[in-house]
Amino acid sequence: MRGFGSQFLLQMKLFIRQKDELFWNLAFPLFFIVLYGLIYRDIIWDDFGMRAIEYMLPGIIVMAVMVNGIMSSATSFVEERGKGIYRRLSLTPVKRQTIIGAQILHRYIIILIQTIILLAIGILAFDISIKGNYFYFWIILTLGAVCFLSIGFALASIIRSVRSATPLCMIVFFVFLFLGGIFFPNSIMPRFLVVIANGLPSTHMGDALRAVIIDGLGLGSVWIALAAMGAWIVISLAVSIIFFRWE
Amino acid sequence: METILEIKDLTKRYGDLVAVNNISFSIEKGEIFGLLGPNGAGKTTTVEMIEGLRKPDSGRIKICGIDALAQPAKIKGLIGAQLQSTTIYDQVSIREVIDLFGSYYDNSVPTQELLELVSLTEKKDAYYRTLSGGQKQRVAMALALVNDPAVLFLDEPTTGLDPQARRNVWGIITDLRDSGKTIILTTHYMEEAEKLCKRVGIIDQGNIIALDRPAALIAGTGLDSTIEFSSDDIRAEDVFKDIFDSGTSFERDSNRYIISSKDSSGILKKLTQAADENNIEIENISVRKATLEDVFLKLTGKKLRE
C-alpha cells in the first residue's frame with residue numbers, strides 16, 4: 001500500500017482547491033436544507049405523520065451522497081483518465097488499487113463531513129428530533145456511499161469521452177433525484193412512475209434513513225431497502241469490472 | 001562498455017499495420033541514444049514497449065540484465081520516463097507532485113535536489129497548470145528522475161517548445177549525461193539528435209534504417225555539403241541545369257533550390273558566374289555541411305518533417 005497516504009492527502013488537497021467540488025459537495029446541499037427548512041419549517045404532512053422538513057432532511061443527505069458518488073467521483077475519474085494521469089502513474093510502482101482505494105476513502109470522508117453538517121443544521125436550526133439509532137444511521141449511510149460510489153465507477157467505466165461525462169452523470173443524477181423521493185414522497189406520483197421510482201437506489205436509501213432516524217425503527221424493518229442497495233452495488237461493480245479502462 | 005539495454009527483434013502490429021518491424025539495438029551505459037524519425041515512424045511505440053506501457057507482439061527486451069517482459073514490476077524501479085504528453089493534476093504545486101511521485105518508490109531522490117536539477121526551485125510552489133510548456137516539460141523530467149533511474153526515456157522532450165526553452169531542456173539533458181545517466185531520446189529534430197546523441201538510430205515506417213554515430217552517418221552518405229538559395233526568376237532552373245546536374249543531388253521546393261555536392265566551392269563559383277551572365281537574381285545563399293536531415297532524405301527520399 002505504498003503511496004496510499006500521500007495519494008489520499010493529494011485528493012483532499014485537490015478537493016479543497018477546486019471551487020466547483022466545494023460548491024457542489026458542500027454548498028449545494030447546504031443551500032437546499034436551509035431553503036427548505038425556511039419554507040417548510042412549520043408545515044406538517046399529516047398523511048405521512050411527519051413534518052415536511054423531517055421528510056426532507058434524509059432526502060437531502062441522499063442528494064449529497066449522490067453529488068459525491070455520481071457527479072464528482074465519476075467526472076473527475078474520466079477527466080484524469082482523459083488527461084493520461086493514470087497512464088503516467090502506471091509507469092511507477094504504485095498499485096492501481098492503491099490509487100482507487102485512496103480516492104474511495106477521500107470520497108467517504110467528504111460524505112461523512114457533509115452528513116454531519118446537514119444533520120447538525122437540521123437538529124439545531126430546524127428542531128428535527130432524531131429518534132433513531134446513530135449506529136444504524138451510519139450503517140445505512142455507509143452502504144449508500146458504497147452504492148453511489150459503485151454507480152459512479154460504473155458510469156466512469158462506460159463513459160468514453162471527457163466531454164460527455166458531465167451531461168451523462170447529470171442525467172443519472174437528476175433521474176435519481178426527482179424520482180427518488182428526495183423532495184416529495186413517491187406515493188403522490190402516477191402509478192407507472194412509482195414502479196420506476198421503487199427500483200432506484202435513491203428511493204431506498206432515503207426510505208431507510210427516514211425509517212431509522214425519524215421513525216426510530218431498526219435495520220430489520222428496512223431490509224428490503226438494504227437488499228435493493230446491495231443489488232445496485234453488485235450490478236454496478238459487475239459493469240465496472242466488464243467495462244473499466246485505465247487509458 | 002557495459003550494455004544496459006538490449007532490444008531484440010521487437011515487433012508491434014495494429015491490425016494490418018506493422019508499427020514496429022523486427023527491430024534490434026542495444027544501448028551502452030552512460031550514452032545518449034537517439035531514435036530519430038518522422039511522426040508516425042514508430043519511435044513512441046518502440047519506447048513505450050520498452051517502458052512496459054504497450055505489449056510487443058514478439059521480441060525480447062532486457063534492461064540491466066533483467067527480462068523486461070517477464071518481470072515488469074522490477075523494471076519500474078529501474079527506469080524513468082517522460083511521456084510525449086505528460087499531464088498531471090492541475091491544482092497541485094510542483095513540489096507536491098514530486099513529493100507524491102517520490103512516495104511511490106522505496107528510494108527516492110530528495111525533491112529539493114530534483115528541483116535544482118531542472119531549475120525550478122523558484123517555481124516550486126506554483127500550480128502545474130500555471131506553468132509554461134517548457135516548465136511543464138522540466139517537471140516531467142523531474143518526475144522521470146524521482147527514482148534515480150538507471151535508464152531515462154525522453155519522448156520528444158522539446159516538441160512544441162520555443163528555441164529558448166528548447167536550449168534549457170538540452171542543457172539539462174547534457175548535465176544528466178555528464179552525471180552518468182543513460183538516456184534514450186526520441187525526436188524528429190535532426191539538430192537535436194546531432195547535438196545530443198552519441199549514437200542515433202534512424203527509424204522510418206517501423207524499421208531502423210541506419211544506426212551509428214551522427215558524424216559516421218553523415219560521412220557514410222558521401223555528401224559533404226549542401227548549397228541552398230532562392231530565386232524568383234522563372235529561368236533559373238533551365239539556366240542552372242548543368243550546374244545542378246554536376247552535383248550529387250538536386251531538389252527544388254517552389255523558389256528554393258537545394259544542391260548537394262562534394263565540391264561546394266566549385267558549384268558556388270559557377271552558380272554566381274551564371275547568375276551574373278544571365279542577370280538572374282539569387283538570394284539567401286547558404287552553404288552548410290550535410291546533416292542528419294540530409295541523411296534521412298537520402299535514405300528514404302523524404303524529408304523528416306513531411
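This is a short chat about reading a predicted two-chain model.

Trainee: What should I know before I start?

Mentor: The model is predicted, so local features need pLDDT of at least 70 and side-chain atom pairs count only at pLDDT 80 or more, while totals for chains, interfaces and linings use all residues. Residues are numbered from 1 along each chain as its sequence is written, and chains are lettered from A and ligands numbered from 1 in the order in which they are written.

Trainee: How many of the residues of chain A count as buried?

Mentor: Buried means 20 or more other C-beta atoms, placed from the backbone, within 10 Å of the residue's own. In chain A, 42% of the 247 residues pass that test.

Trainee: Where does chain B touch chain A?

Mentor: Two residues are in contact if their C-beta atoms, placed from the backbone, lie within 7 Å. Here 20 residues of chain B contact 18 residues of chain A. Helix 2 (72-78) and helix 3 (94-102) of chain B each supply at least two residues of that side of chain B. The residues on the chain B side split into 11 nonpolar, 6 polar and 3 charged. For those classes, Ala, Val, Leu, Ile, Met, Phe, Trp, Tyr, Cys and Pro are nonpolar, Asp, Glu, Lys and Arg are charged, and the others, Gly among them, are polar.

Trainee: What is the strand order in the sheet of chain B?

Mentor: Strands pair if DSSP finds at least two bridges between them. In chain B, 4 strands make an open, antiparallel sheet in the order 2-1-4-5, with strand 2 (17-28) and strand 5 (66-67) at the edges, each pairing on one side only. Strand 1 (residues 3-14) and strand 4 (residues 58-63) of chain B are joined over 5 bridges, and B:Glu6 stands opposite B:Lys62 in strand 4.

Terms used: A residue is buried if 20 or more other C-beta atoms lie within 10 Å of its own, exposed if 12 or fewer, and partly exposed in between; C-beta atoms are placed from the backbone.
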